Amino acid sequence: MRTIRLLLEKEFRQIFRNKSILALILVMPTMQLIILPLAANYEVKNINLAVVDNDHSTSSAQMVNKIVASGYFKLCASPATFEQGMELIELDKADLILEIPAGFERNITREGSEKVFLAVNAINGVKAGLGGTYLSTIIKNYNQDILLKWAQASKIPAAPQINITASNWFNPSLNYNFFMVPGILAILVTMVGGFLTALNIVKEKELGTIEQINVTPIKKVHFILGKLIPFWILGNIVFTIGLLVSYFIYGIVPVGNLALMYAFVIAYLPAVLGFGLLVSTFCETQQQAMFIMFFFMMIFMLMGGLFTPIESMPKWAQMVAQFNPVTYLIKVMRMIVLKGSGFRDVLPHFFTIILFGVVLNILAILNYRKTS
Amino acid sequence: MFAVEAKELSKVYGKEKTIAVDAVSFSVKQGELFGLIGPDGAGKSSIFRMLTTLLLPDGGEASVAGLDIIKDYKEIRKRLGYMPGKFSLYADLTVEENLNFFATVFGTTIEENYHLIKDIYVQLEPFKNRRAGKLSGGMKQKLALCCALIHKPEVLFLDEPTTGVDPVSRKEFWEMLKRLKLQGISILVSTPYMDEAALCDKIALIQGGKILSIDTPSAIVEAFPSNLFALKGPSMYTLLQATNNCPMVEHAYAFGEYAHVILREKEQSPDALLAYLVEKDFTALEIKRIVPSIEDCFIRLLR
């Protein structure tokens with residue numbers, strides 16, 4: 001006990017003396033939580049639309065108005081021909097071309113049907129896909145409006161149709177921040193826990209201080225605990241800062257129990273700390289540790305369901321995600337923050353994450369040799 | 001009981017099976033200042049790391065303070081003080097914090113063993129609130145020695161403690177070691193500097209992982225054939241070549257501004273050599289008989 005206290009005292013002294021690490025711990029989560037959710041937004045806005053209107057009628061103008069009024073599109077040009085429109089796409093000035101054929105209004109009134117042509121610049125897949133879908137939906141709506149107008153005008157009962165009313169549960173206004181902030185917070189906790197542990201231990205190796213420790217009676221277990229506990233505490237501090245930032249900046253109040261969130265983070269941190277410890281046992285220099293951690297952090301982030309849902313990944317990727325501890329933290333964070341899940345709901349994840357912690361730490365300790 | 005005893009200690013590195021330490025045997029008596037003298041890469045640090053339980057030997061056995069380095073490594077760690085060749089204290093902790101840390105690790109306090117480090121620590125005291133990383137080279141060595149001594153070790157291992165330290169600090173450092181020896185601490189020290197060898201009670205000359213000779217410095221010097229001469233003249237390089245070609249000469253080598261010449265055993269006087277060189281058109285020659293240094297012994301053993 002005395003040894004651990006001594007090691008902790010030493011560790012905290014060093015951390016508090018290292019101004020850049022301290023700044024990293026305090027400023028990084030704040031800055032990232034302020035910036036990232038705003039940037040990591042799936043909503044596609046400001047799509048540049050070029051309209052080639054060959055009809056120049058009231059109907060075509062109405063339709064274009066309706067499209068622009070949706071807020072997703074910006075009418076950037078009205079080229080005279082489709083070829084001119086293509087040029088705009090090539091210059092990257094337009095993302096979408098909508099071509100309205102000549103006689104659009106006439107055909108719609110007389111024959112009751114008309115075709116418009118949509119060309120999408122698919123270099124940015126998300127923008128193209130979503131933009132195309134938005135535009136189709138808007139045109140469909142417009143189509144329905146016309147149908148309705150005529151139906152009333154001719155007093156003929158409208159064709160039966162299914163009206164869909166969607167209600168978004170747990171996040172009624174589809175606010176992306178509510179979805180992203182808990183996820184990014186999970187990543188931050190992982191970064192501070194994993195990165196700092198790995199780098200800290202490797203630093204002792206690099207400077208040779210570990211040699212000096214190894215010739216003392218300090219036990220293996222004490223040394224490791226002396227390294228894990230400070231970063232376990234720091235992880236919790238970062239989490240607290242993150243919660244405060246998400247409350248004050250995004251007004252996110254977890255629906256579920258705050259204590260349950262802390263309990264999960266407390267159970268989760270040993271898993272990432274153990275991972276950092278494991279990485280440190282393989283590395284001789286901080287540079288090596290940095291690159292290995294960076295490699296895994298990328299996988300953790302991209303395959304943890306932060307940006308893209310795990311369910312839509314290929315089978316093998318879903319398997320990988322199963323072995324990614326961050327997956328569970330992101331999931332549980334969202335469950336508690338958005339849905340208000342209780343202890344029973346997250347219990348299976350508790351077991352999984354504790355298992356991760358046990359396995360990773362055992363591997364790390366087996367691999368950590370005091371005498372080579 | 002010996003403070004340190006190594007029997008046939010060996011270490012092999014890597015897949016290429018580089019032999020770093022080749023069946024080394026030596027023993028250090030209690031209260032003795034024992035020097036491992038050898039050039040870089042001779043295997044000194046590997047021997048140190050094995051004896052301080054940081055590295056497992058690949059062959060042979062060794063004991064420190066009567067304890068086996070493999071079986072009793074835990075107990076040995078309580079009783080030895082180790083100062084690695086590279087500065088290995090916490091650079092971001094202050095002088096006092098480092099010392100306190102290592103004292104507490106060993107379950108003691110600075111006050112308890114202050115008498116051991118007093119001479120050294122008084123020089124450090126003005127800087128006690130300075131971070132260890134900001135100390136000068138000599139001060140760092142002194143702090144490292146204090147930290148290695150603070151738990152009153154039975155055996156002290158100093159791996160190249162004076163490498164990269166200025167000549168004045170080096171001299172001071174060796175005086176400190178002499179005083180520590182008087183306190184009954186056995187010291188094993190390694191150094192690449194031959195002049196420091198003479199300050200040890202006993203030395204082992206080591207090269208390529210093998211011990212060439214173990215004895216007291218004076219005995220090693222005495223074992224040297226007495227016909228060593230220092231030769232000086234213009235154009236040293238050709239002079240050295242001509243001297244080495246002379247049949248009376250066993251070996252001649254450059255040594256500072258002089259050439260050191262070992263004559264064959266039956267040649268007791270340099271006159272024949274001088275005559276030989278004059279015949280070869282060398283003039284203004286200066287030759288004198290000298291007492292061999294450890295370095296001369298080492299160079300001779302290496303041949």
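Colleague: What domains is chain A divided into?
Modeller: Keep in mind that this is a predicted model. In chain A, domain 1 covers 47-154 and domain 2 covers 172-367.

Colleague: And how many Å separate their centres?
Modeller: Taken over C-alpha atoms, the centres of domain 1 and domain 2 of chain A are 47 Å apart.

Colleague: Okay, strands next. What order do they have in the open sheet of chain A?
Modeller: The order is β2-β1-β3-β4 in chain A, an open sheet of four strands with mixed pairing.

Colleague: Which strands stand at the edges there?
Modeller: Those are β2 (73-77) and β4 (117-120) of chain A. Each has a single partner strand, so one side of each has no neighbour in the sheet.

Colleague: By how many degrees are neighbouring strands turned against each other?
Modeller: On average 30 degrees in this sheet, ignoring direction.

Colleague: Remind me, what do strands of a sheet pair through?
Modeller: Backbone hydrogen bonds, and the pairing can be parallel or antiparallel.

Colleague: Which strands does helix α3 of chain A lie across?
Modeller: Helix α3 (residues 58-69) of chain A lies across β1, β2 and β3 (96-100) of that chain. Its direction is at about 125 degrees to β2(A).

Colleague: Now the helix pairs. At what angle do α9 and α10 of chain A pack?
Modeller: About 130 degrees, and their axes are 9 Å apart. Here α9 is residues 220-250 and α10 is residues 258-282 of chain A. With that angle, α9(A) and α10(A) are therefore oblique to each other. Their crossing is right-handed.

Colleague: Which residues meet there?
Modeller: From α9(A) you have I224(A), L228(A), F231(A), W232(A), G235(A), N236(A) and F239(A). They meet V265(A), I266(A), L269(A), P270(A), L273(A) and L277(A) of α10(A). Sorted by class, the contact of α9(A) with α10(A) has 11 nonpolar, two polar and no charged residues.

Colleague: And α13 with α14 of chain A, what's the angle?
Modeller: Helix α13 (residues 325-339) and helix α14 (residues 343-367) of chain A pack at about 155 degrees, with axes 10 Å apart. That angle is why α13(A) counts as roughly antiparallel to α14(A). The crossing of α13(A) past α14(A) is left-handed.

Colleague: Which residues make that contact?
Modeller: On the α13(A) side, P325(A), Y328(A), K331(A), V332(A) and M335(A). On the α14(A) side, D345(A), V346(A), H349(A), T352(A), I353(A) and F356(A). The classes in the contact of α13(A) with α14(A) are seven nonpolar, two polar and two charged residues.

Colleague: Let's jump to where the chains touch. How many residues does each give to the contact?
Modeller: Chain A gives 18 residues and chain B gives 24 residues. On the chain A side, α1 (2-17) and α8 (209-214) each supply at least two. The most comes from α1(A), with five residues. The chain A side that touches chain B divides into five nonpolar, nine polar and four charged residues.

Colleague: Okay, chain B itself. What's the strand order in its open sheet?
Modeller: Four strands, in the order β2-β1-β4-β5 of chain B, with antiparallel pairing. The edge strands, β2 (18-28) and β5 (67-68) of chain B, each pair on one side only.

Colleague: How many bridges do β4(B) and β5(B) pair over?
Modeller: Two, in the antiparallel sense, with β4 of chain B being residues 59-64. Look at S63(B), which has D68(B) of β5(B) opposite.

Colleague: Last one: what domains does the assignment give for chain B?
Modeller: Domain 1 (4-217) and domain 2 (224-302) of chain B. Their C-alpha centres lie 38 Å apart. Eight residues from domain 1 of chain B and six residues from domain 2 of chain B make the contact.

Note on methods: Residues numbered from 1 in each chain as written. Chains lettered and ligands numbered in written order. Predicted model: local features only at pLDDT ≥ 70, side-chain atom pairs only at ≥ 80, totals over all residues. Pairing = 2+ DSSP bridges. Axes fitted to C-alpha atoms, helices over the stretch in contact; angles between N-to-C directions. Contact = placed C-beta atoms within 7 Å. Domains from an automatic or database assignment. Parallel < 35°, antiparallel > 145°, perpendicular 65-115°, else oblique. Left-handed = near helix turned anticlockwise from the far one by under 90°. Nonpolar A, V, L, I, M, F, W, Y, C, P; charged D, E, K, R; others polar.
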